[in-house]
Amino acid sequence: MRVLVVKTSSMGDVIHTLPALTDAMRAIPGIQFDWVVEEGFAEIPGWHPAVDQVIPVAIRRWRKQLLKTWRNGEWQQYKARLQIQKYDYVIDAQGLLKSALLVTRLARGKRVGLDKDSAREPLASWFYDQSINISKNMHAVERTRKLFAGALGYALPEEKGEYCIRDSFIAGEIDADKYLVFLHSTTRFDKHWPEVYWKQLIGLATEAGWTICLPWGNSEEKTRAERLADGIARVKVLPKLNLKQVTAVLAGAEACVSVDTGLSHMAAALDRPNITLFGPTDPGLVGGYGKQQLSLESRNYSNGDQTVEPKIFASLTADVVWHELQNNLAANV
C-alpha cells in the first residue's frame with residue numbers, strides 16, 4: 001500500500017503527524033508513505049522509517065510571488081512530481097482549504113480528510129472522497145492517529161503514540177559529556193519566558209555542574225543567547241545550525257527547558273525529558289506529547305516578580321522550573 005500524506009506546516013504540526021505513521025507501519029506491513037511538506041520542514045518526514053519520498057511545497061513563498069512562480073516553472077514542476085504516482089490513499093492531515101486545493105485535489109488516489117465539523121476550515125472537506133469525524137477536544141497527535149486509523153482501516157492502538165525518529169540521530173554534536181538545552185526563543189513576545197528568570201535558572205543549573213547549550217536561529221535570538229550566557233563559563237552559545245544539526249543537539253541532551261516553540265515538539269519526538277513553559281497559550285491540545293513531557297502553566301502559580309516582562313510569566317519563577325527540572329532528571333536516571 002502506498003499513501004500520500006498532506007501535512008505542510010508548521011514544524012509542530014508536522015512532528016505531531018509522525019506517530020500516526022508509526023501506527024500504520026505496525027498495522028499494515030510494507031506500507032510506504034510519500035509526504036507533501038513545506039520546504040523549510042522537508043527534512044523531518046524523511047527521518048521516519050516508513051517515509052519513502054518527500055515532496056517539498058512552497059505555499060508560503062509562492063503566494064507572495066505568484067507571477068514569478070508561474071513563469072519560472074516551479075509550480076508546473078511541483079504539480080508534475082505530485083501526479084507521477086497513483087496512491088491508494090491521499091490523507092489530508094492539514095484540514096485547510098489551501099492544502100485541499102493545492103495538494104489534495106491535485107493528487108491521484110482516494111482522498112481522505114476531516115469532515116466539516118472536525119476540520120479547521122470546514123470547506124476543505126468538500127474536496128475529499130471520504131470525510132471522517134474526529135472530536136476537536138483531543139490532543140493533535142491523537143486526532144491525527146485516529147484520522148489515519150479511520151482512513152486505512154486498522155484499530156487505533158491503545159498505547160501512547162511513538163515518533164520513531166530518534167534512531168536517525170547519534171549524539172555527539174556537542175563536546176560535553178552531559179548537557180541541558182534551553183530553548184529560549186519563540187515568535188511572540190508574550191510567549192517568551194523573562195530573561196531574568198532564564199539567567200536565574202542557568203545559575204542554578206551551572207552551580208549544580210550542568211553544561212547549558214543555547215541554540216538560536218536569527219540575529220535577535222543570538223543576541224539574547226549571548227546576554228544569557230554572559231559571564232557564565234559553563235554556558236555554550238551554539239554556532240548557527242541547520243534543522244538537522246540542532247535536532248542532533250537535542251537528541252544528545254539529558255533534558256530540555258523550552259518556551260512554546262516548534263523545537264519543543266522536536267525534543268518530545270526525540271524522547272528527551274522536556275519542560276515547556278506556557279503563559280498566554282493553552283497546552284491542552286498541542287502541548288508536549290511523549291515520554292517525560294511536562295507543561296508548566298503560569299496561571300497555576302502565584303506571586304513571583306511582578307516587574308518582569310512579559311508579566312504573564314511573573315508567577316512561573318526559576319525556582320519552580322528548577323525544582324521540576326530536577327524531578328525530571330531524576331526520573332530519567
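**Close-up 1. Aromatic pairs in the predicted model, with the pair of phenylalanine 33 and phenylalanine 148**. A search of the whole structure, which is a predicted model, finds seven aromatic pairs. In the pair formed by phenylalanine 33 and phenylalanine 148, the ring centres lie 6.1 Å apart and the planes meet at 40 degrees, so the pair is tilted. Because phenylalanine 33 belongs to strand S2 (residues 32–38) and phenylalanine 148 to helix H6 (residues 140–152), the pair ties together parts that are 115 residues apart in sequence. Phenylalanine 33 is buried, with a relative accessible area of 0%, and phenylalanine 148, at 0% relative accessibility, also counts as buried.

**Close-up 2. The pair of tryptophan 193 and tryptophan 198**. The ring centres of tryptophan 193 and tryptophan 198 are 4.9 Å apart and their planes stand at 85 degrees, so this pair is edge-to-face. Both tryptophan 193 and tryptophan 198 are buried. Ring pairs also link these two residues with Phe182 and Tyr197 into a cluster.

**Close-up 3. Packing of helix H1 with helix H10**. Helix H1 (residues 11–27) packs with helix H10 (residues 262–269) at an angle of about 20 degrees, and the axes of the two helices are 8 Å apart. That angle makes H1 roughly parallel to H10, and H1 passes H10 in a left-handed crossing. On the side of H1 the contact is made by Met11, Gly12, Ile15 and His16, while H10 contributes Gly262, Leu263, His265, Met266 and Ala269. Sorted by class, the contact of H1 with H10 comprises five nonpolar residues and four polar residues, with no charged residues.

Key. Residues are numbered from 1 along each chain as its sequence is written. This is a predicted model: local features need pLDDT of at least 70, side-chain atom pairs count only at pLDDT 80 or more; totals for chains, interfaces and linings use all residues. Side-chain values use heavy atoms; hydrogens and water are left out. Axes are lines fitted to C-alpha atoms, for helices over the stretch in contact, and angles run from 0 to 180 degrees between N-to-C directions. Helices (H or I, at least four residues) and strands (E, at least two) are DSSP runs, numbered from the N terminus. Angles under 35 degrees count as roughly parallel, over 145 as roughly antiparallel, 65 to 115 as roughly perpendicular and the rest as oblique. A crossing is left-handed if the near helix is turned anticlockwise from the far one by less than a right angle, and right-handed if clockwise. Contact means heavy atoms within 4.5 Å. Ala, Val, Leu, Ile, Met, Phe, Trp, Tyr, Cys and Pro count as nonpolar, Asp, Glu, Lys and Arg as charged, and the others, Gly among them, as polar. Rings of Phe, Tyr and Trp (its six-membered ring) pair if their centres lie within 6.5 Å; planes under 30 degrees apart count as stacked, over 60 as edge-to-face and the rest as tilted. Buried means under 20% relative accessible area, exposed over 50%, partly exposed in between (1.4 Å probe, protein chains only).
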